[in-house]
Amino acid sequence: MIQFVAARLFGGLGVIAAVATVCFFLLRAAPGGPFDSEARMSPEIQHSLEERYHLRDPLWRQYAAYMAGLAHGDLGQSIKRPQTVNELIAAHFPVSATIGLCALGMAIGLGMTMGVEAARRHNRWPDHGLMALALIGISIPSFVVGPMLVSLVSVRLGWLPPVRIDGPSGYVLPAITLGLIYTGVIARLARAGLLEVLGQDFVRTARAKGLAERVVVWKHALRLGVLPVVTYLGPATAALISGSLVVEKVFQVPGLGFYFVNSIADRDYPVLTGVFVFYVAILVALNLVVDLVHSWLDPRIAQRNR
Amino acid sequence: MSTQSAAAWRRLRSHRTAVIACAVLICVALACAVGPWIAGTLGLDATTIDTGFGAAPPSPRHWFGTDTLGRDLLMRVLIGGRIALVVAVVATAIALVIGVAYGATAAYAGGWIDEVMMRVVDVLYGVPTLAFLVVVMAVMETRSLVVLFALIGAISWLTMARIVRGQVLGLRGQAFVEAARAIGAPSARILIRHVLPNAAGPVIVYATLALPGVMLTEAFLSYLGLGVQAPLASWGTLVTEGSAQVLVYPWMLLCPGGVMAVTVVALNFLGDGLRDALEPVTPPD
Amino acid sequence: MRVGWLSAVMAAACGLPDGEFFGRVPEVTEPRRLRYCNSKEPEAIDPALATTTTAMKITHVLFDGLTIYDQHGLPEASLATGWDVSEDLRTYTFHLRDGARWSNGRAITAWDVAYQVIRVVHPLTASPNADNLGTLKNARGYLARRVFVLRRPVGPYPAGELVEQADKGEAVRVDLRASSGPLALRDLGAAAGTAYAWVAAGREVALVMTTGGRASLRSPDARAWAYVFDATGDGVYGWVPAVELDREPRGDVAIAVRRVAANALPGDRTAEAARPVVTARGRDLLVTPDVLGIAVPDARTIVFENAEPTPYFVGLSNNRALRPTPIEAVSRWPRRWTEPGRIVTSGPMTLTAWRERDAIVVDRSATYWNPGDVRLDRITFFAMDDQAAAANFYFTGGCDAVAANNIPSTYLPALLGPGGKSRYADFRTEPYLGIYFAYLNTEKLANRHLRRALAFAVDRAQIPRFTQGNEIPTAQLTPGTPISSLDVADLAACGVAHETRGVALIMTKGALCYVPPPGLDYNLVAAQAELAQARVELGAAFPTRLSYRYNAGTEVHKQIAEYLQAAWARIGLTVDLEAQEWKTFVADTRAGRYELARFGSIGNLPDTESEFLPLFRCGAPDNRSRYCNPAFEQLLEQARPVRDRVARNAILRRAEQVMIEDAPVIPLYVYTQKHLQKPYVRDLASNPVDQPPLWRAWLDPAWRSHR
């Protein structure tokens with residue numbers, strides 16, 4: 001088990017290093033630099049700014065300096081803002097993470113319930129109905145759902161705030177907007193996983209032993225049936241907590257996703273690379289957690305990994 | 001047609017939602033393809049600017065209403081649909097081609113080549129493709145449609161590769177393949193003429209299931225301003241425009257958004273139906 | 001119950017709700033707190049670095065200036081009690097008041113103002129606002145590190161002479177110094193033990209200024225002090241005793257120099273003969289702010305010297321480039337001194353909290369010199385990146401006012417009823433000091449008649465239907481307020497009748513006004529005549545097709561382009577439209593690689609001589625139309641020494657007339673500002689430069705009864 005975790009961590013570091021490298025060179029290959037759009041800046045000033053950020057150093061030296069910093073967990077200094085990248089992430093990640101976790105909670109709670117009920121009433125009306133709902137949830141993008149919810153619930157009816165988070169009620173609409181798609185996916189995965197399991201021998205045995213249907217489903221079948229959902233949760237959680245551009249724009253929350261697109265236009269290399277690396281690191285960590293949970297849920301997998 | 005296919009076809013036809021979804025899709029596609037042309041002969045189009053006064057809600061003259069410049073929204077949605085559908089189909093086709101080629105090669109080559117190729121796929125699965133796509137599109141700054149197709153296709157082939165590989169692995173050991181090898185047919189030929197057609201089933205299913213994802217990816221890119229550029233419009237750009245005006249002119253979001261949602265839902269239902277038809281799930285007793 | 005729910009849903013489906021006001025008007029529970037929906041997150045609130053109106057709104061409540069923007073956007077005395085202007089309009093002497101303090105209790109002196117000026121034009125600050133001080137003597141040379149003071153005689157020049165680098169090469173860093181021992185950077189006159197930064201022996205620092213200069217602080221003890229910059233990390237400034245800087249790394253470098261030209265006009269060759277080039281060494285030259293046109297005779301007086309007669313300098317005095325900043329904070333944290341806890345302010349408000357991309361909170365300052373003027377205890381600036389979100393927030397009563405032009409343009413037709421009259425009592429449009437026009441490249445379209453034909457053919461009255469914001473169509477270059485909306489005092493100052501068409505620029509309320517010449521307005525007959533003339537003159541060289549460029553991104557530019565295309569097609573000219581990405585567009589138009597192109601210009605202050613006419617001067621970098629007319633230049637030169645503003649305006653008007661008759665530009669409309677403001681907000685002015693004194697606003701809980 002320890003070897004398994006160690007191997008995965010090592011591989012994860014490799015992925016992070018690879019992503020950082022690709023980002024680094026890809027961004028610098030793009031035309032234009034961070035100070036090109038300043039029409040009023042004299043060449044003198046541009047020169048001295050570029051020197052301050054070591055942009056005039058040879059590329060390999062910039063790369064080496066960046067990777068050395070990365071090894072210490074230092075993601076560098078933003079070019080366009082006075083803060084360091086670490087400070088930016090520390091300031092904005094909690095916002096994205098909280099909204100993401102709310103959305104995750106909704107997705108898991110609602111999605112699992114829908115999936116389980118659908119599986120239990122397989123091929124009857126509730127099954128079709130719930131799966132249709134799930135499918136519709138997956139099909140409507142968040143930038144349609146968000147503005148509609150705001151228009152209807154916040155502006156017309158005045159039940160919830162339209163923008164900003166000034167208290168718990170501010171989390172509701174962003175969480176729904178963000179989590180709707182994940183709810184649908186989890187519902188379908190849960191149903192599929194559970195159906196597969198419900199057809200297996202050990203379930204028939206459990207039923208034959210006279211256990212209540214509820215116990216059979218929730219205690220025995222679900223343990224294995226939830227595996228596809230667990231696998232999905234790794235990347236899903238990573239995506240949810242790293243910030244959604246749509247939610248941040250529609251609800252004006254100062255999350256982390258903003259830096260993805262905006263630092264590209266700004267050519268703020270350290271910020272973009274740093275945010276990307278951070279996201280990949282979360283992804284790697286969550287995938288590892290998912291695999292561990294997998295082994296715990298399904299002892300057969302653990303044996304294979306030993 | 002083999003008995004397997006015949007059975008699948010029968011199952012599909014009996015799957016009501018899939019049939020309805022298929023019908024809906026055909027209607028939408030026809031409307032987008034032919035609608036504007038028909039309307040043109042009747043004197044309606046998507047570009048006449050009537051600055052009379054702002055956007056008008058749906059009315060008998062304008063079934064979907066108009067936008068702030070007085071352009072008929074229904075026409076814009078239909079023309080936008082052309083782009084959206086074309087982008088979706090072409091990008092999926094590109095993903096298909098890449099995925100099939102990759103997966104089949106990996107499976108047929110076997111051994112360490114297969115291992116390496118599949119490891120690469122595993123690693124790529126871990127990369128946040130959407131974020132990566134955003135970065136590449138924004139950095140590249142060219143906004144041609146071709147680049148858009150290619151890039152969206154380039155992030156969507158991973159599952160396809162896995163499916164195809166699985167299918168080819170399964171078929172590799174079958175009798176007819178052995179027979180073809182025995183008579184000395186070259187590998188590529190065996191692959192293309194014998195193996196792939198039999199793997200077509202799941203490939204079609206996953207292609208259909210990939211379409212909605214591609215369509216939503218294109219819409220998301222348009223939301224960020226990185227997708228289809230003016231003067232072309234797609235559903236993504238129409239929805240983006242509409243989402244900024246939903247307080248004032250709700251039909252500008254609801255109409256294109258509704259049409260896009262219906263299409264995506266229909267594609268999903270159809271894909272589901274295809275998958276159920278080809279791989280029926282045994283119900284528990 | 002059920003019916004109510006249903007009708008709510010129906011209402012939700014059908015457009016904006018009716019009502020007197022746009023959205024909910026909540027009860028005023030905190031009448032001394034203003035919640036303001038600002039635009040994007042400010043790039044900086046440091047007066048040297050803020051460039052957008054969004055950032056400036058915050059900068060201007062935190063930092064006081066010699067003058068500030070009043071309700072009309074015009075200068076109002078604040079830190080300065082008054083000013084004297086020299087006969088030749090070059091020298092301005094401002095007298096500062098007693099009792100003005102920084103938020104840390106220290107008195108604000110003339111040296112603080114001088115410090116800001118030096119800071120803004122110093123290359124290490126990299127201030128984008130340095131251009132605003134471009135009229136000061138040697139400001140541009142200092143910024144480029146090309147102006148020095150001779151420390152000892154070289155050639156025919158005595159010590160103390162102002163010289164400039166004569167060759168065109170890169171500026172040499174003669175301002176670098178080093179010390180044989182470690183340097184302790186500290187406040188002026190402080191003991192070495194209080195140092196907040198250390199520089200290792202031998203490490204190069206940049207010398208900015210020393211005590212005892214014309215505009216530098218006086219030394220508190222007998223010795224001279226030097227203000228230096230160490231570039232390690234984020235950089236840090238500090239004072240050290242001047243004797244400690246005993247090394248000059250660039251002391252031996254040879255530089256060709258010559259005396260600085262005293263107010264020579266560009267292209268004046270006679271001045272060069274009297275200024276021979278000599279070779280000096282680095283150690284002969286001193287980079288010092290003494291070369292600049294500023295002097296501080298005492299703590300309450302500051303003198304500005306402009307290179308040329310500058311009648312509008314008082315109009316510049318409320319600019320952020322002249323607002324003092326606290327040297328003790330800037331020195332320690334050059335990039336991050338504006339954070340709460342570090343910042344020291346001089347204005348009506350101080351910075352309490354700054355949550356990035358969320359909100360900036362400012363509270364009443366205890367040390368402001370004019371507390372009776374401040375009616376608010378707190379202003380909260382919400383950062384609203386997305387216009388629709390800002391509108392939603394305002395609608396639900398979350399903020400009391402929305403920053404001008406932060407309203408989505410697609411809402412405008414709904415906010416403005418038919419006829420351009422506002423549908424809601426809390427929405428209004430006001431003119432903005434900016435003009436939208438089309439440039440005609442006079443190099444590519446050299447024939448005057450052709451250009452005039454293009455100008456006469458445009459019926460700009462229809463354009464507000466695309467822009468949908470009550471924009472003011474105009475054929476005059478200088479923007480202003482429609483004459484029909486001026487009050488009696490302003491009409492008298494402008495010397496026009498109420499019925500006169502066009503706009504007028506109010507330079508001082510009720511006193512000074514500039515009425516631009518009418519320009520080439522829509523006249524199809526004249527267009528045809530000019531076109532016929534052009535055909536005759538050009539013959540075979542008459543262009544078959546022309547191209548009009550605009551920047552992609554906003555639908556409006558495209559619609560206007562199509563409209564102009566149709567207008568020109570009516571007189572028989574084929575014009576192709578071309579959309580370009582913004583950065584390329586800016587570069588191409590600047591380089592003259594276009595025939596016709598849209599553009600716009602926003603003024604910083606209501607003075608056409610400094611803001612709009614310079615766009616057409618020969619050789620000006622922003623002269624995109626490549627216009628060069630000696631008659632125009634001569635009239636501008638003629639106006640330069642004229643002290644009487646009214647007479648000066650008359651000459652400027654003739655100059656503008658000459659220019660507009662040549663049609664290097666087709667003005668289309670004056671921009672407008674769109675304002676949303678709750679009915680209980682009072683005295684929140686809107687002025688043409690969009691810089692209202694926010695602290696003078698207040699909220700009236702009993703607004704209903706006061707209507």
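This report walks through a predicted model, from chain C as a whole to a few of its parts and then to chain B.

**Chain C overall**

Chain C holds 18 helices and 33 strands. Its C-alpha trace spans about 80 × 80 × 45 Å along the principal axes. The radius of gyration of chain C is 28 Å. A compact globule of 707 residues would have a value near 27 Å, so the chain agrees with that expectation. Buried residues make up 48% of the 707 residues in chain C.

**A four-stranded sheet**

One open sheet in chain C has four strands in the order 4-5-18-17. The pairing is antiparallel. Strand 4 (80–85) and strand 17 stand at the edges of this sheet. Each has a single partner strand, so one side of each is left without a neighbour in the sheet. From one strand to the next, the twist averages 20 degrees.

Look at the pair formed by strands 4 and 5 of chain C. Five bridges join them, and the two run antiparallel. Ala80(C) stands opposite Leu96(C), which belongs to strand 5 of chain C.

**The helix across the sheet**

Helix 3 of chain C lies across strands 5, 17 and 18 of chain C. Helix 3 runs at about 165 degrees to strand 17. This helix covers residues 110–121, twelve in total. From first C-alpha to last, helix 3 of chain C reaches 17 Å, close to the 16 Å expected at 1.5 Å a residue.

How many of the twelve residues in helix 3 of chain C are buried? Eleven are, and the helix is mostly covered. The buried residues include Asp112(C), Tyr115(C), Gln116(C) and Arg119(C). Val113(C), Val117(C), Ile118(C), Val120(C) and Val121(C) are also buried. What covers them includes strand 5 (91–96), strand 17 (294–298) and strand 18 (301–305) of chain C. Helix 4 (139–143), strand 11 (205–210) and helix 7 (327–332) of chain C also belong to this cover.

Strand 31 of chain C runs from residue 665 to residue 677. It is mostly covered, with 13 of its 13 residues buried. Three of its pairings are set out below, each with one bridged pair of residues.

| Partner strand in chain C | Bridges to strand 31 | Sense | One bridged pair |
|---|---|---|---|
| Strand 22 (residues 401–402) | two bridges | antiparallel | Ala401(C) and Gln677(C) |
| Strand 23 (residues 427–440) | ten bridges | antiparallel | Tyr436(C) and Tyr669(C) |
| Strand 24 (residues 472–473) | two bridges | antiparallel | Pro473(C) and Tyr669(C) |

Tyr669(C) in strand 31 is the bridge partner of Tyr436(C). Tyr669(C) is also the bridge partner of Pro473(C).

**The largest nonpolar core**

The largest nonpolar core has 366 residues. Which residues touch the most other members of this core? They are Ile186(A) and Cys37(C). Helix 3 of chain B (residues 73–109) gives the most to this core, with 20 residues.

Cys37(C) touches a set of residues beyond its own stretch of sequence, not counting those up to four places away. Among them are Phe382(C), Met384(C), Ala390(C), Phe393(C) and Tyr394(C). Cys399(C), Val402(C), Ala403(C) and Asn406(C) also touch Cys37(C). So does Ala401(C), which is bridged to Gln677(C) in strand 31 of chain C.

**Where chain B meets chain A**

The contact takes 32 residues from chain B and 33 residues from chain A. Several helices of chain B give two or more residues to the side that touches chain A: helix 4 (111–126), helix 5 (129–140), helix 9 (187–223), helix 10 (235–243) and helix 11 (251–278). Helix 11 of chain B gives the most to this side, with seven residues.

**One residue in helix 9 of chain B**

Leu221(B) has its place in helix 9 of chain B. Is Leu221(B) buried or exposed? Leu221(B) is buried, because 24 other C-beta atoms lie within 10 Å. Leu221(B) touches Met137(B), Leu226(B), Gly227(B) and Gly236(B), not counting residues up to four places away in sequence. Gly110(B) is 111 residues from Leu221(B) in sequence. In space the two are 37 Å apart, C-alpha to C-alpha.

Definitions and conventions. Residues are numbered from 1 along each chain as its sequence is written. Chains are lettered from A and ligands numbered from 1 in the order in which they are written. This is a predicted model: local features need pLDDT of at least 70, side-chain atom pairs count only at pLDDT 80 or more; totals for chains, interfaces and linings use all residues. The expected span of a helix is 1.5 Å times one less than its number of residues. A residue is buried if 20 or more other C-beta atoms lie within 10 Å of its own, exposed if 12 or fewer, and partly exposed in between; C-beta atoms are placed from the backbone. Two residues are in contact if their C-beta atoms, placed from the backbone, lie within 7 Å. A nonpolar core is a set of buried Ala, Val, Leu, Ile, Met, Phe, Trp, Tyr and Cys residues joined through C-beta atoms within 7 Å. Two strands pair if DSSP finds at least two bridges between them. Axes are lines fitted to C-alpha atoms, for helices over the stretch in contact, and angles run from 0 to 180 degrees between N-to-C directions. The radius of gyration is taken over C-alpha atoms; the globule rule is 2.2 Å times the number of residues to the power 0.38.
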